[in-house]
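Biologist: I'd like to learn how to read charged side-chain pairs in a model. Could you walk me through them?

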Amino acid sequence: MISRLSCVARLPVKVCVANIGTVARTTIGQRTGKVYQPAKDWHYYGKLLLGGSAIVGGTGICVVGLTKDKFGDVEVSALQRSTIWPEYVTQRMKSTYLYFGLGLATTAGTMVLTKNFSGLQNLMSKHPVIAMVALIGATMGLSSAQRSVPYTNQNMLTKIVLAAALYGVVGTVLGPMVHVGGPILRQASMYTGALVSGLTLAALTAPSEKYLTMSGPLMMGFGVVACASIASAFLPPTGMLGGGVMTIAVYGGVVLFSAMLLYDTQRIVRSCEMIPQYHNYDPIAQSISIYMTTINLFIRIVSIVSGNKKK
């Protein structure tokens, strides 16, 4: 089950399937002059969902940290083990998060360069289903091609080009989001950075296998959020049904991808530790999972912040 989730979580399909409706409504409407007024209550109920999940999740993290010794848990956290890591494990972790940062920087640059790319905006506003299929196909193709190339010195250029193309496609899709305004994007970036940093630290300080047991619930939750995100492209958020769908897609997505980041972080640590020293470890492929999770969180936080600014 864990291997199945890791395959799903690492695929960039998340940004297309789970965000096509959110991106279309948040960005294209501002470019075409169509104003989508959200239902009065969906942000309210979404905040209740988010607040309740934060309380439950935060309490759970505290319980994991405070009770692991009481119940005789012999596992130690990755942060504790890092003091005795061999040099190759440390280097693997550094490389993974270096590519993660480069991916985010490439996407941000592409967003700025393609913010006025009217062709994609028109396609997403007029033919959302075609746009969704095309974007899923492009990202799946690039992801599969990138993963099929071994991480070796001989293939390094090809692998980096394919990864950069993947980041560029995501940045192009998100380019129109630049028009929501600099203050909103800066605030959302700050919130996303704080959330990702806090969750990463929580995963590194928890016993090594605790969050790897969440594979089944995460797969089910991803299916629900993906379906809600697709439905949000066709249901106006002014009604009860549309408002409920938007609540699940946006606020439920924040909860889901926060949990997925805990899972992905511990999975990466385990891969760095368990793959033998002279076997091939691919930091680019490993970094894509946390990259896509972060992008999903950012998109939803932008939607939440922009919704609050309109009130």
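Modeller: Let's start with Lys159, which counts as buried at 0% relative accessibility (buried is under 20% relative accessible area, exposed over 50%, partly exposed in between, with a 1.4 Å probe and protein chains only). This is a predicted model, where local features need pLDDT of at least 70, side-chain atom pairs count only at pLDDT 80 or more, and totals for chains, interfaces and linings use all residues. Residues are numbered from 1 along each chain as its sequence is written, and side-chain values use heavy atoms, leaving out hydrogens and water.

Biologist: Which side chain does Lys159 meet in a salt bridge?

Modeller: A salt bridge is a side-chain nitrogen of Lys or Arg within 4 Å of a carboxyl oxygen of Asp or Glu. Here Lys159 pairs with Asp282 at 2.7 Å, N to O. Lys159 lies in helix H9 (residues 156–174) and Asp282 in the loop between H12 and helix H13 (283–309), so the pair ties together parts 123 residues apart in sequence. Helices are DSSP runs (H or I, at least four residues), numbered from the N terminus. Asp282 is buried too, at 14%.

Biologist: How many salt bridges does a search of the whole structure find?

Modeller: Three. One of them joins Glu273 and Arg81 at 2.8 Å, N to O. Glu273 is in helix H12 (residues 240–274) and Arg81 in helix H5 (residues 78–81), 192 residues apart.

Biologist: Is Glu273 buried or partly exposed?

Modeller: Glu273 is partly exposed at 23%, while Arg81 is buried at 16%.

Biologist: And where do Arg267 and Asp264 lie?

Modeller: Both are in helix H12, three residues apart, about one turn. Arg267 is buried at 3%, and Asp264 is buried at 0%.

Methods
Helices (H or I, at least four residues) and strands (E, at least two) are DSSP runs, numbered from the N terminus.
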